[in-house]
Amino acid sequence: MAYLSIDALVIPKWIGTQQQQNNNYVPNTATTLSSNSSSLSKATSSTTNSSDSISSSNSKEYNNKEYFNNNNIYSFNTPLSERKTISFEEMSSISDLSVDNFKLIPIQKLREKFEQWLLLTYGDFKGRNLIQKLLFLDEFYDPKALRTRKLLNNEEIFNSLERFLNLLFQSESERIFKLISSKHLITDFPYLYLFEQLLSQQIINIPIILKKHEALNNLLKNKSQLLQSLNEQFIITLPIIEEETLNNYTTDFTTTNTDNSHNNDNNNNYHNNNYCDIQLIVNMFTTILSYHFSIFQQFNIKFINSWINKELENCPNYLIENCKLRIYKFNKYYQNKNEKLKDKDFNCRFIIDKDFELTSFLTEFYTTTTSSNTSGKSGENGGNGDGWRLSKKFDLKTLQQSNFLTVWKSKLNCTTIDNMKSVKIVNVLNCSLENIVKVVTTNSFAEKAVDSTESCSLQEFKPIQTNNSLQKYATAIHTCLFNFGPLFRKRSVENVTTLKCNFIGNELYSVSNLYKTCCHVLKVNNDEPLKIISYGVRTYIKIDKQKTLFIDVSLTNLKGMLNKIMPLLLTSGSNKFVSANREIMEKAIEEKRKEGFPKPNDEKDYLWMILKNYYETYCKHVDNDLFK
């Protein structure tokens with residue numbers, strides 16, 4: 001059994017960058033890794049060298065090609081064989097991340113397969129957009145620590161951004177060189193320095209990611225302006241981040257230790273915008289790429305099983321250890337009876353840290369699992385069925401047409417209650433996270449958020465009591481009556497619900513709405529609606545300024561015949577099931593858009609009251625206009 005996530009795809013180009021800069025070394029990682037690399041990987045390798053070559057320890061004027069060769073900086077046309085390289089072994093000696101050169105070969109193979117699949121599945125435009133996100137993570141993601149890499153000063157940031165831009169514009173290097181030469185620049189980072197001018201050049205093909213990702217564009221523009229504002233003869237460094245601070249990446253003050261990766265990269269004590277804006281992009285890219293990587297594994301189960309059996313043991317130790325950690329979590333929530341939800345957990349009217357830890361695990365995409373199978377056989381889509389599996393309805397054609405919307409199922413049960421059905425729906429919403437929050441925290445949305453709802457109400461708001469361990473989260477009671485048609489008896493549910501928000505710096509990054517049944521009873525009178533048992537979370541994650549990833553995870557027992565046929569309904573009618581709820585969400589967004597996205601009522605909209613109470617209690621240090 002193995003759990004693969006984004007750390008199995010990232011090839012860190014930033015290892016030892018300070019030493020490379022001081023010695024005019026040029027990393028040549030991708031070419032060293034595999035002689036059979038794809039054309040895209042070869043282009044990446046070539047331009048990585050070009051990018052690094054632009055950085056030197058002294059600022060020089062770039063006005064002719066001879067200058068590059070004469071000063072060991074290399075022109076865009078310098079053959080790779082003539083460039084001095086630094087091995088990963090050398091880089092490891094000056095980096096916290098230890099990487100053996102040969103241990104990256106399996107990662108390169110997996111990544112090439114993934115990149116090919118992206119292009120074939122989503123087409124050139126969407127596929128390359130995702131591949132270019134991976135290039136950014138190569139510069140700024142630490143696959144060992146599973147978070148944004150340490151960035152000690154502006155020079156490190158500029159170096160990585162310069163390499164990244166050089167990769168993106170590698171097909172336009174000659175035209176850009178002419179532009180650089182004409183400007184007589186005195187800077188170590190010409191691509192970054194001229195970034196806004198590059199975007200305005202009609203003769204230059206703009207990379208797809210720069211056309212589509214607003215937050216990344218803003219980051220590059222801000223860094224370009226910062227670079228221009230600094231003295232060209234030296235770099236002003238940022239404050240050094242203490243190790244203790246780096247290990248405390250959360251704005252969630254309600255827990256001392258959280259497993260939520262959406263929290264792990266939030267920094268309480270270090271709100272320097274030079275770091276947080278990069279951290280935000282890294283989180284956005286790791287979230288969306290982890291999602292697509294989990295889909296890739298579903299459609300390439302034989303390749304993944306083969307890779308795990310033959311290649312995983314040859315990978316860097318950090319990847320193996322990360323897989324072990326995920327297996328530990330899997331066993332903790334699915335195999336350990338002491339950790340499973342019990343009847344008493346569905347009969348309490350409060351929510352505790354343990355609930356958020358569990359829903360965080362269920363939300364993560366690495367819970368899609370594959371298992372070693374020496375017989376060579378595997379279950380349809382989901383391998384041997386020990387994790388989240390795509391609904392059979394979602395073949396490649398459906399996936400291509402669904403705009404990244406998917407339905408997942410799991411036969412595993414993290415409760416002691418029999419016949420709980422696990423479903424995860426993932427959708428991309430074309431709306432900012434801030435405006436979505438204004439929609440989903442209103443009473444009017446809560447009353448119609450789920451198809452087949454006949455009536456719904458929210459009541460019994462309880463604010464946070466910081467001195468009460470059972471009231472660390474504000475709560476309300478959400479009751480609903482469902483009508484699934486004349487063939488089925490009506491159902492009712494009574495849930496306790498809460499919300500929490502996470503920030504990166506001052507920017508809202510994610511919001512989670514957790515709920516669970518609070519009045520579980522075994523029997524009801526024949527004339528009463530059947531009591532549904534439910535447990536789940538609706539998580540909204542920012543993946544761009546105007547795009548939000550929506551993950552809806554639910555564990556439900558609908559009781560009776562309806563619960564027995566629920567898997568069949570999800571398999572044969574998943575498109576209809578999902579479309580109905582998707583239309584409800586999109587209709588609610590459009591209605592609020594016409595109204596200018598007004599803020600919910602501070603005294604009547606209970607979910608908004610809960611979220612604002614959380615912000616005012618635990619996030620006082622955050623300056624965010626949404627909650628003012």
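K516 is buried in this predicted model, its relative accessibility being 2%, where buried denotes under 20% relative accessible area, exposed over 50%, and partly exposed the range in between (1.4 Å probe, protein chains only). Residues are numbered from 1 along each chain as its sequence is written. The model being predicted, local features need pLDDT of at least 70 and side-chain atom pairs count only at pLDDT 80 or more, while totals for chains, interfaces and linings use all residues; side-chain values use heavy atoms, with hydrogens and water left out.

The side chain of K516 forms a salt bridge with D355, with 3.2 Å between the closest N and O atoms, a salt bridge being a side-chain nitrogen of Lys or Arg within 4 Å of a carboxyl oxygen of Asp or Glu. Because K516 belongs to strand β9 (residues 507-517) and D355 to helix α18 (residues 353-363), the pair ties together parts that are 161 residues apart in sequence; helices (H or I, at least four residues) and strands (E, at least two) are DSSP runs, numbered from the N terminus. D355 is likewise buried, at 3% relative accessibility.

A salt bridge also joins the side chains of K223 and D277 (3.0 Å, N to O). This pair links distant parts of the chain, with K223 in helix α12 (residues 214-229) and D277 in helix α15 (residues 273-299), 54 residues apart, and K223 is buried at a relative accessible area of 2%.

In the salt bridge between E595 and K592, the closest N and O atoms are 3.8 Å apart; E595 is exposed, with a relative accessible area of 52%, whereas K592 is buried, at 18%. A network of salt bridges links K13, R111, E115 and D138, and the count by this rule comes to 24 salt bridges.
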